[in-house]
Amino acid sequence: MTLWWRERTLHARLALLVAGAVAAAVLVVSAGAWFTVREIQQDKVAAELASDASTIAANPAYWLAMEGKREASGYRHGKEIGPCWQIIDASGTVVGGTATPLPVTDAAVAVAAGGSEPVREEVTLGPGEYLMLTKPLPGGGAVQVALDKRPDDRVLMTFALLLALGCAAGIGGAALLGRTVSRAGLAPVDRLTEAVEDVAVTMDLSRWAEARPIEVAGNDEIARLGRSVSTMLSTLDASRRAQRALVEDAGHELRTPLTSIRTNVELLLTVERHPELAHRLTTEDRTSLLEDLDAQVRELATLTTELVELSREEASREAVEPLDLAEVVTAAVSRVQLRAPTLTFDTALTPATVLGRPGELERMVVNVLDNAAKWSPPAGKVQVRLTPDGPGACLLTVTDTGPGIADEDRPHVFDRFYRSAAARAMPGSGLGLAIVAQTATNHGGTVQALPNAPTGTILTIRLPGTPV
C-alpha cells in the first residue's frame, strides 16, 4: 500500500486526500443524521404508545364497552390510537381488546401482577414487527398497546438510501474538485519543475533568470518556494556570468606572460639549434632573456596563486564565527613584516568583534598591507588603525606614503585585473585589491581608496560588528 501511494503523482495524492477527507466528513455527518432521525422516530413511537396506553388506562371500562365498535377498533374522539390493544387481568388473562390478540409475555404478566413500571417490547404479529407497551392499571391488571414498526422502518430505509446517494455524489464531486484544486494549487510547482528540467537539459540559466522568470503570487509556502527557486536561478546565472568573466579575464591576463615566455624560449631554442648564430646573442642578451623569463614565470605564478585564492573566496567552506578583528590584523602585519623588513608598521588596534571567516579576513588584510608595502618608499612607514565606527561597526585604515593613486584610476582599483599605467611596471596581477573588495562585500562591509596628503593612499575597510 505504501509503495502504491508513493507511485501516485502529487496531483493524484492531493485529489485522493481531498476526496478522502470529504468522504469521511460526509459519512460522519450522514451517520449522525441517520441515527438522529432514528432516535426521533423511536421517541415518537414511544410517545404514541404511552399516550394510547394512558388513554385506555384512564377508563378501561369504557374501552371494553366499546369493544367491536369503530371507536374501540382504532379511534378515540376522532383521533387514531394504536391499532392493536388489549386489557389483561392480574393473572395475565386477556379481558378484552381489538380483534388482533397481543402476546402476553412473562414481562407483561409481571406488570399485570403488580409491577409498577411499564415494559416496552418488540413482538411479531403476523408478517410484521410491532413495538408493544404494557402499562399497569390502577386496580390491577395491565393494558397492552402495539404499533407497527414497518412504516417507520421504511422511512429510515428511504432516508438511508437518500443519504447513501448524497454521500456518493458528494464523494465523487469532492474527487473532481480535489483534482481541480490540486491542479490549480500545484500550477506553480509545475512551472518550477519545468524550469528545473529545462535548465537540466539546456544548461541555459538566463532563460529563466531574465527572459522568463517564474510567476508566483501570494505569500503561501508554494509562492515562497517559487520565489526561492527564481532567486536561486538568478544567483546561479550571476555566478556563471561572473565565472565566465573571470575565465575570460584570466585568459587575457595569462596570454601576455605566456606570449613573452614563448618568444624568449623560441629565441633561445633557435640559438641552441643553430650554433652558427650564437654570436648574434651575446652573453648579456642571454642573461637578460633568462632574467626576463624568470620575471615572467614569477608573474605567472603570482597570477595563478591569486586566481586560486579568488576562486576560493567565491566558494569558501570556512565557517562563520565571532572573532576579534584586532587579532586577525596583528597576524597579517606579522606576515607582511617578514616580506618587507625595511618598512615600519605603526599599528594602533582597538579590539573589535566581527562575524566572519578567519582565513578570508586575514588574506584580505594581507593583500591591503602588501599593496601598501609595494608602493611605500624604502624605509617608509605604513600606518594601520582599527577603530570603532558608529554603533555595531569597525573601521580598518591602512595609510602609506607612496606616490598615491591617480584620480582617474581610483574608481577602478578594485576591479579584477585592473592595473594603472604606473602599476604596469610593477610586479602584480591586478587581483589583490579585487580580492579585498570581494571579501569585504561577502562580510557585509565596504572598502574605499582615498588620497593621503601630501602623498600616498588611505585604504579603509568598514565591517559590521556582531549584534549585541
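Author: In this predicted model, Thr134 has a relative accessible area of 0% and is therefore buried.

Reader: Where does Thr134 lie, and with which side chain does the side chain of Thr134 make a polar contact?

Author: Thr134 belongs to strand 6, which covers residues 128–136. The side chain of Thr134 makes a polar contact of 3.4 Å with the side chain of Gln144.

Reader: Which residues are in contact with Thr134, leaving aside its neighbours within four places in sequence?

Author: With those neighbours set aside, the list is Ala108, Val111, Pro118, Val119, Glu121, Ala142, Val143 and Gln144.

Reader: How far apart are Thr401 and Thr457 in sequence and in space?

Author: Separation along the chain and separation in space are read as two values. Thr401 and Thr457 are 56 residues apart in sequence, while their C-alpha atoms are 6.8 Å apart. Leaving aside neighbours within four places in sequence, the contacts of Thr401 include Thr455 and Gly456. Ser376, Pro377 and Lys381 are also in contact with Thr401.

Reader: Now the rings. How many aromatic pairs does a search of the whole structure find?

Author: The search finds three aromatic pairs. One of them joins Trp34 and Phe35: their ring centres are 5.1 Å apart and their planes stand at 85 degrees, so the pair is edge-to-face. The cut-off for that class is a plane angle over 60 degrees.

Reader: What is the relative accessibility of Trp34, and what is that of Phe35?

Author: Trp34 is at 23% and counts as partly exposed. Phe35, at 44%, also counts as partly exposed.

Reader: What is the geometry of the pair formed by Trp63 and Trp85?

Author: The ring centres of Trp63 and Trp85 are 6.3 Å apart and the planes are at 75 degrees, so this pair is edge-to-face. Trp63 lies in helix 3 (residues 60–65) and Trp85 in strand 3 (residues 84–88), so the pair ties together parts that are 22 residues apart in sequence.

Reader: Are Trp63 and Trp85 buried or exposed, and which residues form one aromatic cluster with them?

Author: Both Trp63 and Trp85 are buried. The cluster consists of Tyr62, Trp63 and Trp85.

Methods: Residues are numbered from 1 along each chain as its sequence is written. This is a predicted model: local features need pLDDT of at least 70, side-chain atom pairs count only at pLDDT 80 or more; totals for chains, interfaces and linings use all residues. Side-chain values use heavy atoms; hydrogens and water are left out. Rings of Phe, Tyr and Trp (its six-membered ring) pair if their centres lie within 6.5 Å; planes under 30 degrees apart count as stacked, over 60 as edge-to-face and the rest as tilted. Buried means under 20% relative accessible area, exposed over 50%, partly exposed in between (1.4 Å probe, protein chains only). Helices (H or I, at least four residues) and strands (E, at least two) are DSSP runs, numbered from the N terminus. A polar contact is a pair of N or O atoms within 3.5 Å; within protein, one must be able to donate a hydrogen and the other to accept it, and residues adjacent in sequence count only if both atoms are side-chain atoms. Contact means heavy atoms within 4.5 Å.
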